[in-house]
Amino acid sequence: MGKIFRISLTLIVVAVAGIAGHWIWSHYLYSPWTRDGRVRAEIITIAPDVSGWVNQLNVKDNQVVNKGDVLFTVDDTRYKATIAELNAKAESQKLAWELAKHKYKRRIGLTNDNLVSKETFDEAFINTELARTSYELAQAQLNTAQIDLARTQIHAPENGTLINLSLRNGNYVSKGNSVFSLVKQDSFYITGYFEETKIPLVHIGQNADVSLMSGGHVLHGKVTSIGKAIANTNVTTNGQLLPQIGQTFNWVRLSQRIPVDIQLDSIPKDIELSVGMTVSIQLQTDK
């Protein structure tokens with residue numbers, strides 16, 4: 001009797017262990033979860049639209065700024081001189097246009113009295129048009145210079161926090177070259193990298209539970225997008241633009257990871273998020 005009981009108990013334990021193992025294995029393989037998630041946000045790179053020496057730096061690294069705040073200014077001496085020069089040029093071209101119009105009007109009267117030839121009249125008309133376009137060109141150049149002067153002050157494009165600021169007074173900055181970044185306020189979201197075997201269980205609008213690696217509150221959100229393409233690292237090209245296909249090992253098939261974006265519902269005030277933090281994600285299913 002005791003032997004039968006021991007055998008039965010062993011079989012029950014083995015069966016329970018097998019069922020539990022199968023459930024854990026299935027959950028690991030097919031349940032929509034991942035530990036490969038990252039905190040992300042909208043990052044704006046700050047670059048001046050003009051070149052020159054930085055003569056006033058108003059911010060520091062990790063400072064919170066509001067949209068429109070002056071972050072730094074570029075020396076405007078050369079830009080003011082350019083405007084003065086173009087103002088004089090535009091005024092000169094305007095006077096030349098007025099003179100050409102005056103001569104043209106005189107040619108109209110003389111042509112009507114047959115005192116000048118048609119060729120002279122046409123030349124006066126063309127000179128008037130050339131003077132007009134020269135004035136308009138000078139005015140456009142002046143407007144461009146005024147835009148450059150205004151942009152010697154670099155403003156914050158959005159509310160947010162400045163990142164990686166190593167700029168100093170006296171540094172030379174070049175047009176279009178980024179000098180630091182801004183993390184847009186309230187723009188944090190999560191990107192989870194799910195194995196392709198789990199993608200059939202992921203859909204837009206699906207509820208998600210997000211756990212930070214540092215612990216604390218579980219954050220909640222919804223799936224907003226599923227990546228439609230990833231790079232093929234096995235294919236490159238050589239100098240002759242021929243495809244180079246990397247060797248594969250048929251007995252090992254690794255699942256590709258597909259990015260899935262999750263918009264957070266809200267962020268508790270006592271949680272500090274930083275872009276790049278590691279998170280675990282569990283998507284809720286109907287099952």
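In the largest nonpolar core, which has 22 residues, the members touching the most other members are Ile 190, Leu 273, Ile 281 and Leu 283. A nonpolar core here is a set of buried Ala, Val, Leu, Ile, Met, Phe, Trp, Tyr and Cys residues joined through side-chain atoms within 4.5 Å. Buried means under 20% relative accessible area, exposed means over 50%, and partly exposed is what lies in between (1.4 Å probe, protein chains only). At least two residues of this core come from each of β10 (189-195), β11 (207-212), β12 (218-226), β15 (257-264) and β16 (278-283), with β15 giving the most, four residues. Strands (E, at least two residues) and helices (H or I, at least four) are DSSP runs, numbered from the N terminus.

The model is a predicted one, so local features need pLDDT of at least 70 and side-chain atom pairs count only at pLDDT 80 or more, while totals for chains, interfaces and linings use all residues. Residues are numbered from 1 along each chain as its sequence is written, and side-chain values use heavy atoms, leaving out hydrogens and water.

Next come the aromatic rings. The structure holds three aromatic pairs; rings of Phe, Tyr and Trp (its six-membered ring) pair if their centres lie within 6.5 Å, and planes under 30 degrees apart count as stacked, over 60 as edge-to-face and the rest as tilted. One of the pairs is Trp 53 with Tyr 172, edge-to-face at 4.9 Å centre to centre and 75 degrees between the planes. This pair links distant parts of the chain, with Trp 53 in strand β3 (residues 52-57) and Tyr 172 in strand β8, 119 residues apart. Tyr 172 is partly exposed, at 47% relative accessible area. Trp 97 and Tyr 135 have ring centres 5.7 Å apart and planes at 25 degrees, so they are stacked. Trp 97 sits in helix α2 (residues 77-112) and Tyr 135 in helix α3, so parts 38 residues apart in sequence are tied together. Tyr 135 is buried, with a relative accessible area of 18%.

Finally, there is Asn 164, in the loop between β7 (160-163) and β8 (172-173). Asn 164 is exposed, at 58% relative accessible area, and touches Asp 61, Val 179 and Phe 180, not counting residues up to four places away in sequence.

Definitions and conventions
Contact means heavy atoms within 4.5 Å.
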